[in-house]
Amino acid sequence: MTFDLFFQLLFAGITYGIIYAIVAIGFNIIYNTTGIINFAQGEFVMLGGMISISLLHVVPLPVAIFGAVLITMIVGALIEMVFIRWLDNPSVLRLIIITIGLSILIREVALHIWGESIRSLPYFYGNEITAVQFGSVRFSPQILWVIGVCGVVVAGLSLFFGYTSLGREMRACSANRRAAILCGINTRNMVTFSFMLSAGIGALAGCVMSPITYTQYDIGTGLAIKGFTVAVLGGLGNSMAAVAAGIILGILEAFSITIVPLAFQDAIAITLLLIMLFLRPHGLFGSKEAAGLKEF
Amino acid sequence: MKSHVVKICVLLFLVIGIQLITHWTDTQFYLTQLTMAAYYSLVIIGLSVLMGYAGQISLGHAGFFAIGGYLSASLTTHNLIGLHDTTIITMLSGMGMLVSGQDLYGEQLLVVTPWAACIAAIMIAALIAFVLGIPVLKLKGHYLAMATLGFGTIIYRAALASEYFGESDGISEVPGFILFPEIAGIGPLAVSGDFGHRVENYYIAWGLLVICLILLLNLIDSRVGRALRSIHGSEEAAEAMGVNTARFKLYVFVLSAVFAAVAGVFLTHYNGGIGPSEAGVMKSVRYVALVAVGGMANLWGALIMGVSLTFLSLRGVFGSYDDAVFGSILIVIMLFAPEGILSLKIKNIFLRKKEIDS
């Protein structure tokens with residue numbers, strides 16, 4: 001392998017890895033406040049991409065992205081209020097099936113609105129062939145956008161959860177729901193907020209990845225599986241670790257094409273997921289004791 | 001036990017009745033979809049025992065269906081004449097497991113007989129389920145769902161990416177599955193999509209379904225069934241009472257995988273082919289949906305809803321909204337009737353309303 005090829009693959013891997021990480025962060029936010037794995041997380045990413053592409057016909061790019069994130073957040077909140085909020089102490093199996101059903105419904109609605117065609121947003125800066133030269137390695141400026149957005153999201157989230165009262169209330173809700181209720185926190189609202197937040201982050205990921213990976217109505221399931229793999233790899237609920245885990249998975253996938261056929265690329269994430277679930281369900285960076293207290 | 005006998009008699013009566021009605025009204029084309037619906041329902045009742053009685057979700061049963069179907073299809077269609085001289089082929093041939101014939105162009109053809117292929121496919125599916133089940137069934141809840149979903153996706157990818165399984169075209173021109181050769185002027189009895197064999201195939205499918213149903217009904221009324229229900233109730237309590245939960249869960253997982261593989265084998269021979277969409281995630285989700293609609297721990301519910309909804313779907317009643325319909329069913333059932341649609345009684349709805357009022 002030449003030096004250049006090595007770096008090209010490395011950058012591609014990091015880009016995809018960070019996209020997976022943003023999806024994983026969406027999983028983590030909902031998991032942290034509710035203990036639910038939202039199987040429809042990938043559909044939020046798809047919605048973000050699709051809505052921003054449609055909005056682009058009438059408004060400039062930044063406004064379109066902002067609008068898409070806002071609309072997806074509203075969709076996320078509505079979904080939580082209509083389908084989950086009023087359930088009394090639902091079993092895990094029931095919630096899994098409901099979110100799977102939701103992911104099918106969103107996908108089918110998207111199919112009937114946008115059709116099967118593959119779309120994409122334009123590159124945020126320059127176009128397909130614009131490249132940033134870094135030594136002898138060239139890469140698309142969109143990669144910098146992806147990395148930047150991920151950095152802003154992670155930093156923003158740590159500030160939000162650490163220093164705002166709403167963020168603290170959400171953390172309290174995840175630490176001990178009953179204690180949070182006793183402190184006067186409306187835990188049901190916190191769950192709705194967590195769905196909004198994770199839908200918004202998913203939509204943002206859908207926008208920044210669209211120029212590179214394209215958007216189609218059925219990208220959600222694949223992204224959800226990879227996002228979940230990354231979330232498990234980093235330890236469910238830990239957003240910082242998710243970024244590291246995402247980059248690991250992305251790089252593994254990128255370099256795998258030099259060994260196995262492209263068609264099996266998706267199988268790598270799943271195999272990794274299965275191995276992790278069997279051997280270290282608490283993640284690479286998680287602690288076993290803490291995981292023992294949670295319900296899997 | 002007695003109620004089971006009555007119910008099964010009613011079912012048999014219905015099966016024969018429907019065939020006679022289609023015969024008299026000249027609407028025998030319905031039998032094709034009813035046959036296919038019976039095979040799909042075989043997967044559903046197997047999954048119903050796993051989900052409802054043992055309490056373990058599987059989003060990978062389309063994978064087992066595809067393993068059965070694909071292996072049987074590839075073994076009975078791929079020509080082994082090139083390997084004619086190898087020891088394995090000579091050995092298989094000596095055991096009567098191969099048939100030779102001629103293809104459309106008059107070339108020599110040497111393939112595995114459907115019986116041998118069927119048994120091989122089912123055994124491999126059982127083995128995979130066994131090996132997969134040991135680690136996977138230690139997981140619970142979301143992790144189990146994701147792990148089985150991952151397994152299903154790997155099977156789907158493997159079918160899509162390997163040339164041996166026909167990539168995205170799948171395998172076609174699968175020969176009929178001759179269950180019994182012609183004896184004393186009766187038969188031959190074959191599983192095939194041939195129009196002339198429509199009625200007998202209808203009875204083969206429903207006969208198989210009823211036999212498997214009786215098997216499962218006996219299973220859940222036995223010691224094993226009680227152990228399974230105790231696992232569903234509380235795994236820790238079951239363990240404390242001396243139930244070997246891990247082993248029972250594994251048995252049921254393998255059993256339901258075998259049911260799916262059998263359905264895959266028969267349906268593939270009936271359709272004369274199989275494509276990668278049979279292994280898709282949507283199929284697995286659909287099986288789960290049908291089990292949920294029927295009521296998790298309710299074999300009869302799973303059977304009734306499985307047959308009727310699959311039949312409607314195969315008739316194309318839902319059109320391009322097919323997946324959307326199943327998604328909505330899944331959500332509505334889980335929101336309003338997690339015990340299945342048959343558990344809803346009109347009386348209960350009124351009672352609940354009164355309670356709220358008072």
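Helix H3 of chain A spans residues 61-84 in this predicted model. Helices are DSSP runs of H or I, at least four residues long, numbered from the N terminus. H3(A) has 24 residues and reaches 33 Å from its first C-alpha to its last, close to the 34 Å expected at 1.5 Å a residue. The expected span is 1.5 Å times one less than the number of residues. Buried residues of H3(A) include A:Ala64, A:Ile65, A:Ala68, A:Gly76 and A:Glu80. A residue is buried if 20 or more other C-beta atoms, placed from the backbone, lie within 10 Å of its own. Helix H2 (41-55), H4 and helix H8 (187-213) of chain A are among the elements covering them.

Chain A contains 12 helices and two strands; strands are DSSP E runs of at least two residues. Buried residues make up 49% of its 296 residues. The C-alpha atoms of chain A fill a box of roughly 60 × 50 × 35 Å along the principal axes.

Chain A meets chain B through 30 residues, in contact with 31 residues of chain B. Contact requires C-beta atoms, placed from the backbone, within 7 Å. H4(A) gives the most to the chain A side, with 12 residues. That side divides into 24 nonpolar, two polar and four charged residues. Ala, Val, Leu, Ile, Met, Phe, Trp, Tyr, Cys and Pro count as nonpolar, Asp, Glu, Lys and Arg as charged, and the others, Gly among them, as polar.

Residues are numbered from 1 along each chain as its sequence is written, and chains are lettered from A in the order in which they are written. In this predicted model, local features need pLDDT of at least 70, side-chain atom pairs count only at pLDDT 80 or more, and totals for chains, interfaces and linings use all residues.

Note on methods:
Two residues are in contact if their C-beta atoms, placed from the backbone, lie within 7 Å. A residue is buried if 20 or more other C-beta atoms lie within 10 Å of its own, exposed if 12 or fewer, and partly exposed in between; C-beta atoms are placed from the backbone.
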